[in-house]
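Take a walk through this structure with the model open beside you.

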Amino acid sequence: MDEVRIGKRIEELSLNHWPALVTTVCGGWLLRYADGHTKRANSVSAIYGEEGKEKELSERIAWCERRFAELGVPSVFKITPFDRPAGLDGLLEKRDYAKVDTVSVQAVGLAGLPAPDRRDVRIPERLPEEWLDRFCRMSGAAASFQPTMQRMLENIRVKKGFAAVLHEGKVAACGLGVVEDGWIGLHDIVTDADFRNRGLGERLVRNLLHWGKENGASRAYLAVLADNAPALRLYGKVGFAEVYRYWYRVKPE
């Protein structure tokens with residue numbers, strides 16, 4: 001499978017694995033909304049967009065802007081190498097949209113994956129209340145978004161695992177794994193600031209990959225900010241390599 005096909009498939013999987021609460025379609029573009037919780041779930045994905053002249057595309061962008069304004073969230077577009085039309089990023093730049101949060105999408109094959117250290121690792125497949133509480137505290141997510149995140153996680157309709165690594169009886173690292181169509185996607189991997197640089201994040205990732213393999217995955221993907229050097233080092237140790245990058249275009253206030 002070539003990189004373009006892999007990239008497009010990862011984009012499709014990521015739409016399923018981090019679901020919006022509402023999705024509206026305009027000219028093939030997917031406008032996703034989830035109470036403003038994360039850009040991933042509150043932005044336009046144009047991977048299915050129809051081609052058109054600049055005037056038609058500008059009208060479509062304006063429709064999205066009005067819709068975002070009605071929802072009370074910023075107008076955000078997710079820009080990938082697979083956008084339709086390919087010139088969307090340039091049109092948004094003309095409208096003074098700021099480029100923010102460049103993300104590296106990475107993948108790894110799971111063949112020959114060594115058995116991980118399973119000490120003090122838990123991966124329940126139903127959302128434990130304490131997992132969400134701990135994740136929000138470690139990641140710094142606003143308490144007001146916790147009910148929204150719970151609804152989003154409960155809306156994932158394929159196999160999912162809520163991983164946690166315990167250290168001295170406390171949850172020291174956690175993350176989400178979602179399995180579909182031979183892939184496992186890793187999402188929101190976070191380690192408590194008090195327990196970093198002890199290999200707990202790597203243990204979490206390796207256990208999630210092994211859990212995914214046990215549940216039919218042969219490949220894994222994740223998305224990480226391109227300037228997050230510690231996370232990039234961690235994922236590189238596990239074997240992940242970049243497939244493509246995306247970023248967001250945000251309309252100025």
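This is a predicted model: local features need pLDDT of at least 70, side-chain atom pairs count only at pLDDT 80 or more; totals for chains, interfaces and linings use all residues.

E12 counts as partly exposed, at 27% relative accessibility. Residues are numbered from 1 along each chain as its sequence is written, and side-chain values use heavy atoms, with hydrogens and water left out.

E12 has a charged partner. Its side chain meets that of R9 in a salt bridge, at 2.9 Å from N to O. The term stands for a side-chain nitrogen of Lys or Arg within 4 Å of a carboxyl oxygen of Asp or Glu. Why can R9 and E12 be separated by about one helical turn? Because they are three residues apart in helix α1, residues 3–17. Helices (H or I, at least four residues) and strands (E, at least two) are DSSP runs, numbered from the N terminus. R9 is partly exposed too, with a relative accessible area of 21%.

R9 also forms a salt bridge with D181, at 3.1 Å from N to O. This pair links distant parts of the chain. R9 sits in helix α1, and D181 in the loop between β8 (170–180) and β9 (183–191), 172 residues apart. D181 counts as exposed, at 51% relative accessibility.

A further pair lies in helix α2, residues 54–71. There E70 forms a salt bridge with R67, the closest N and O atoms being 3.3 Å apart. The two are three residues apart, so about one helical turn separates them. E70 is exposed, at 60% relative accessible area, whereas R67 is partly exposed, at 24%. The whole structure holds 19 salt bridges.

The largest pocket has a volume of about 1,600 Å³. On a 1 Å grid over the protein atoms alone, a pocket is an open set of points where a 1.4 Å probe fits, with protein on both sides within 12 Å along at least five of seven lines; lining residues have an atom within 4 Å of a point. The volume is the space filled by probe spheres set on the points, which are joined across faces, edges and corners. Which residues lie nearest the centre of the largest pocket? They are D188, I189, N228, A231 and Y235, out of 48 lining residues. Elements that each supply at least two lining residues include α1, β9 and α7 (229–238).

Finally, turn to the interior. In soluble globular proteins, nonpolar side chains tend to be buried together. A nonpolar core is a set of buried Ala, Val, Leu, Ile, Met, Phe, Trp, Tyr and Cys residues joined through side-chain atoms within 4.5 Å. The largest one has 27 residues, and I184, L186, V205, L209, Y235 and F240 touch the most other members. Helix α6 gives the most to this core, with six residues. Apart from it lies another core, of 20 residues, among them A164, V171, C174 and L176.

Methods
Buried means under 20% relative accessible area, exposed over 50%, partly exposed in between (1.4 Å probe, protein chains only).
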